[in-house]
Amino acid sequence: MGDSLCISHRATGAALRRRSFITVLPFALLLPTVRVSAQLMGSPLDCHKICVCASNIVSCSKMNLTNIPSALPQYTAVLDLSFNSITRLRAEWTPVTLSRLHTLLLSNNGLNFLSSEAFVHVTKVQYLDLSSNRLHLLDELIFEPLEHLKVLLLYNNCISQIDRSAFSGLLSLQKLYLSHNQISRFPLELVKERSRLETLRLLDVSSNRIKVLPLHELQALPAWIKNGLYFHNNSPPCSCELYEVVARWHLKELSSATDFRRNHTCVLPGPQKEKMAIMDLNKVNLNCSEVTAMDKEAYLEQFLVLDCDTRQRDMKKSWALPGNIPLSSANKTAVMRLDGNLQIGPLRTDDSGVYTCFATSDSFNETLYVTVVVFNSTMNGGLENLKTAYTTLVACLVSIVMVLIYLYLTPCRCACCPGQGLEKNEPQDSLHSSTVSISQAHEETEQERVEGGGFPYRHVGFLEIKDQLEQNGRLNPIGEEDEEWQGDNRERRRSDAESVSSVCSDTPMVV
């Protein structure tokens, strides 16, 4: 019976223990939920043991927190949560709107997750520090609620992918730090003219893995953007185009180039992948041409626009003409445009010289010099000279062809030509035929002298005075009848040679 009671007692104890286990089990299951909820919400803010609260500043730095404290006062302006272990920034980290919060510090936390709604309750933040964390990806429109953000620090993370719209909506952003990441694509959309953030003045993408730089687009940027565009300590391939871009930035004394002269490096072609300073490419290896200050060159009657490309934006500008003559409204050939640039034209030779732009602001002054060279010819002058040369050459060729046609293709009327007789048969014979017939006349004279035994009468043709005036003393080529003269034989004795010469001479001989 005792055994049965023992057994009964044991059974009763077992039953009681079973009931107790069933009763306690639901509470045990609730404990993890409560613990997780406490971890998500964080412990209430303790300004005595955990955080330091000074007026509107709440500093919880270096407290090994895994979550952001809850119940933050709505008047908080500065919240410092740096150097903790907050790995995820969820949407519910602050259930209330902190409308006065303008500085949020979350650096050195090992942060690897950002909710797309993490900033919906802190839209007035102007300074956000997310540096030295473990962020890998920036999703689209993740910072869109921060329309008042001016400075965003994302350096020293593991960022390798950035959505092209990740920074859209940041209408007030002035400085963006993306250095010391794993970025391989240059974010050109941030500085390109039509898509850039209009207020952005500093973009740091140095010490990344960028291998391709949009050199032409970078060179076309205004100086106030290039002055704050840092891309040193990357690995682009060495080229003379890259050297020209960096060298011109040095000539303009842009901070992004001069402050990190030795850190602007490139990779030489070859298997060793050796790095060298970009500014040394003109001395060794590629032997690039040295870059010098560029002058503006133009021709007569052209219009020219001189840029006053300052290193800061929205500066007050004024111009001085060559000879340090201040620009005035009376000058009609030089006018300053609304953007501060100077338009000159139509150009004349005396417009050559050094133009000076004075740029001033409350904290910075800058002076720029532009040298203009005007050539003493129009833009089309060379082309016109070339056309004239071609015209002259063509005229010479045509003249030569006409001479050849005249010499070889005109009908031959000479007595020596085939089919032409040596005698002057008709009055219309040419002068050449009359001249050639002298030999025949000479033969007849010899015959007469033999028959008559003396010198015969010579027949010499003379022109009338009227004909002499009209033909300038030359023989009549149209075969008019000549008067015959007879005189004393003693007065007319001449040799046969003299007779021939008198016939062939231009001026008639009177004896």
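A disulfide is here a pair of cysteine sulfur atoms within 2.5 Å. The structure holds five such links. This is a predicted model, in which local features need pLDDT of at least 70 and side-chain atom pairs count only at pLDDT 80 or more, while totals for chains, interfaces and linings use all residues. Residues are numbered from 1 along each chain as its sequence is written, and side-chain values use heavy atoms, with hydrogens and water left out.

**Disulfides**

A disulfide is a covalent bond between the sulfur atoms of two cysteines.

| Pair | S-S distance | Torsion about S-S bond | Hand |
|---|---|---|---|
| C51 and C60 | 1.9 Å | 110 degrees | right-handed |
| C238 and C266 | 2.0 Å | about 95 degrees | right-handed |
| C240 and C288 | 2.1 Å | about -90 degrees | left-handed |

Solvent exposure is given as relative accessible area: buried means under 20%, exposed over 50%, and partly exposed in between, with a 1.4 Å probe and protein chains only.

The sulfur atoms of C238 and C266 lie 2.0 Å apart. This pair links distant parts of the chain, 28 residues apart: C238 is in the loop between β13 and α4, and C266 is in strand β14 (residues 265-267). Helices (H or I, at least four residues) and strands (E, at least two) are DSSP runs, numbered from the N terminus. C238 has 11% relative accessibility and therefore counts as buried; C266, at 1%, is buried as well.

The disulfide of C240 and C288 has a torsion of about -90 degrees, so it is left-handed. It too joins distant parts of the chain, with C240 in helix α4 and C288 in the loop between β15 (275-277) and β16 (296-300), 48 residues apart. C240 is partly exposed at 32%, whereas C288 is buried at 4%.

C158 is partly exposed, with a relative accessible area of 22%, and C396 is partly exposed, with 42%.

**Two buried asparagines**

N234 sits in the loop between β13 (229-230) and α4 (240-251). Its relative accessibility is 2%, so N234 counts as buried. A polar contact is a pair of N or O atoms within 3.5 Å; within protein, one must be able to donate a hydrogen and the other to accept it, and residues adjacent in sequence count only if both atoms are side-chain atoms. A polar atom of the N234 side chain lies 3.3 Å from the backbone nitrogen of N208. Contact in the wider sense means heavy atoms within 4.5 Å. Beyond its neighbours within four places in sequence, N234 is in contact with V205, S206, S207, N208, R209, I210, T265 and K275.

N109 is found in the loop between β5 (103-105) and β6 (113-114). At 5% relative accessibility N109 is buried. The N109 side chain reaches the backbone oxygen of S107 at 3.1 Å. With neighbours within four places in sequence left aside, the contacts of N109 include L81, F83, I86, S132 and N133.

**An open sheet**

Strands of a sheet pair through backbone hydrogen bonds, either parallel or antiparallel. Two strands are taken to pair if DSSP finds at least two bridges between them. Five strands form an open sheet of mixed pairing, in the order β16-β23-β22-β18-β19. β16 and β19 (325-326) stand at the edges with a single partner strand each, so one side of each has no neighbour in the sheet. Strand β18 (residues 316-321) pairs with strand β22 (residues 353-360) in the antiparallel sense over five bridges. The bridge partner of W319 in β22 is C357.

**Nonpolar cores**

In soluble globular proteins, nonpolar side chains tend to be buried together. A nonpolar core is a set of buried Ala, Val, Leu, Ile, Met, Phe, Trp, Tyr and Cys residues joined through side-chain atoms within 4.5 Å. The largest core has 76 residues, of which L128, F143, L154, F167 and L176 touch the most other members. Elements that give two or more residues to this core are α2 (215-219), α3 (223-226) and α4. Of these, α4 gives the most, with six residues.

Not counting residues up to four places away in sequence, L128 touches L104, F119, F143, L146, L149, V151, L152 and L153. A second, separate core has 17 residues, among them A298, L342, V372 and V374.
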